[in-house]
Amino acid sequence: MNATPAYKDASLPVDRRVEDLLARMTPEEKAGQLFHSMLMMNADGTPVTETDGSMLPFTTPELIEDRFLTHFNLLGTYGAREMARWQNAVQEMAAATRLGIPVTLSTDPRHTFTDNIGASFNAGAFSAWPEALGLAAIGDPVLVHRFADTVRREYLAVGFRVALHPQIDLATEPRWARQSGTFGSDARLTGELVRAFVRGLQGPALGPGSVSAMVKHFPGGGPQKDGEDPHFAHGKEQVYPGGMREHHLEPFKAAIAAGCAQMMPYYGQPVGTDWEEVGFGFNKGVVTGLLREELGFDGIVCTDWGLLNDATIFGQTHPARAWGLEHLSTAERAARALEAGGEQCPEVVVELVRSGRVSASRIDASVRRLLREKFTLGLFENPYVDPDLAEETVGRADFTALGAAAQRRSLTVLTNPSGLLPLAPGPRLCVRGVDEAVAAAYGEVVADPADADLAVLRLRTPYEPRGNVFESFFHSGSLAFPEPELAAILDLLDRVPTLVCINLERAAVIPEIAERAAALIADYGASDAALLDVAFGRAAAEGRLPFELPRSMAAVAASRPDVPNDTHDPVFPHGHGLAL
């Protein structure tokens with residue numbers, strides 16, 4: 001009778017279990033551990049066993065059984081029970097492999113209002129909270145810890161063990177598309193909030209009750225040239241004309257001090273510095289020299305996705321994000337990424353080892369880190385979840401109430417020149433961008449502004465539509481409302497006293513609206529009921545702007561991308577907000 005392998009013995013120290021398992025692995029099995037790929041699931045909770053290649057090139061069985069991958073990011077929004085069933089099916093598939101290494105499942109943020117398949121998913125079944133910008137507007141580390149603990153509980157219920165967040169880039173370039181996921185432009189506040197977030201997700205130490213925090217995007221993705229995003233070739237350059245490179249590192253130092261388990265470099269290619277001009281995922285000076293040696297980070301480094309191979313996304317080809325190394329082969333790029341410090345091509349790694357280009361000991365060092373986290377998280381002992389408990393936990397009433405209260409607190413009153421707010425009960429309301437059924441609980445809803453005592457208008461930060469389907473999710477370009485849209489907004493404001501609420505996913509340029517609105521509120525993800533509760537004095541808005549709101553696009557273009565709040569004569573400065 002064969003003895004139980006040491007790696008399956010929970011009574012043994014983690015390091016011994018890691019070494020035992022590592023010694024049993026083939027080069028192919030080791031290589032599979034190095035890739036953190038994306039999966040989708042069927043709506044009924046079953047794994048995807050067929051694919052047309054438009055989003056995912058391989059089926060789930062191909063990745064787990066044939067390519068030995070065990071780290072996956074789930075794309076899409078589903079029900080809690082279905083997600084729990086799916087994760088159990090995936091774990092059963094992994095358990096049936098030769099070594100039975102459990103899968104580690106990860107996710108982009110799922111507790112807010114943003115739906116971008118490349119960055120975040122709307123809350124769906126989970127409790128709905130304001131975006132990270134809204135948490136920064138409140139500025140309360142205790143609340144952020146409570147939020148992260150709620151995220152931890154809901155993620156654990158469906159089997160997510162790695163959070164591909166928090167995102168702690170500084171929002172210093174007003175046009176950059178990813179600002180809604182940040183804690184704003186203030187490095188000190190971001191450091192305080194990331195400490196609270198990491199501890200809320202992981203607890204005092206990483207263990208079976210933790211969700212591992214993958215902090216991103218090292219060394220700070222905010223200073224993007226012209227505000228374009230390095231997911232795309234035209235946005236690959238990261239620049240520091242204000243000389244504030246070290247400033248962008250401050251939140252990451254706080255995250256490391258808090259014990260974050262993982263770190264993700266961004267795609268950006270630094271230009272005009274003493275760093276090598278290659279994307280950060282390939283940048284040995286940044287990942288090994290700065291992150292590991294200077295800052296002392298010994299956790300897992302996970303590059304962002306799509307560095308090695310061209311990919312088809314929504315039927316369109318996207319080049320590999322190997323900025324500065326476009327001329328290299330896939331194998332050469334993989335070697336550079338390994339030398340520096342998510343796809344599904346383990347065969348490339350195997351060939352690198354066999355050819356002597358990469359040493360077996362270098363692969364072992366990375367696999368050792370990855371296996372250690374699986375053991376520490378308790379995945380070998382308890383990889384499955386309870387679908388009934390998942391359904392009870394995700395979106396639980398107290399979690400939902402906490403999120404709803406945070407939405408109200410995060411709202412930021414920018415103007416109230418004539419004391420319109422708080423509103424008296426029962427006015428005749430004309431609403432635009434607001435659910436009439438919700439508004440009916442606060443007043444009489446009328447269709448014509450001429451018949452209204454007051455209009456309530458909800459807007460979103462403007463952006464320039466992009467033709468590429470994937471890029472269209474990343475709202476970039478001008479922050480100002482174009483004509484004739486602006487003229488139509490101002491016409492309403494001139495016809496009837498209007499409360500304007502604008503969703504700030506970026507720093508909107510709204511001087512005319514600010515001047516002519518009867519009152520102006522900013523939101524960062526809030527329901528109609530949250531807005532109207534604040535407007536009618538049923539809840540208190542506590543938010544303060546997490547970045548400044550520029551006066552013009554000319555001021556934005558003249559500002560320095562790495563310098564916080566650097567536009568000339570902003571309409572509202574960073575930190576602005578009124579009490580009612």
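Tutor: Buried means under 20% relative accessible area, exposed means over 50%, and partly exposed lies in between, with a 1.4 Å probe and protein chains only. This is a predicted model, in which local features need pLDDT of at least 70, side-chain atom pairs count only at pLDDT 80 or more, and totals for chains, interfaces and linings use all residues. Residues are numbered from 1 along each chain as its sequence is written, and side-chain values use heavy atoms, with hydrogens and water left out.

Student: Why is Q87 called buried?

Tutor: The relative accessible area of Q87 is 0%. The cut-off is under 20%, so Q87 counts as buried.

Student: Which helix holds Q87?

Tutor: Q87 is found in helix 4, helices being DSSP runs of H or I with at least four residues, numbered from the N terminus. Other buried residues of helix 4 include M83, W86 and V90.

Student: What span is expected of helix 4, and what does it reach?

Tutor: The expected span is 1.5 Å times one less than the number of residues. Helix 4 (residues 80–95) has 16 residues; 22 Å is expected, and its first and last C-alpha are 22 Å apart, so the reach is close to the expected value.

Student: What is Q87 in contact with, leaving aside its neighbours within four places in sequence?

Tutor: Contact means heavy atoms within 4.5 Å. By that rule Q87 touches L105, V158, G159, P383, Y384 and V385.

Student: What makes a set of residues a nonpolar core?

Tutor: The members are buried Ala, Val, Leu, Ile, Met, Phe, Trp, Tyr and Cys residues joined through side-chain atoms within 4.5 Å. The largest such core here has 109 residues, and L21, F218, M263 and L371 have the most contacts inside it.

Key:
Helices (H or I, at least four residues) and strands (E, at least two) are DSSP runs, numbered from the N terminus.
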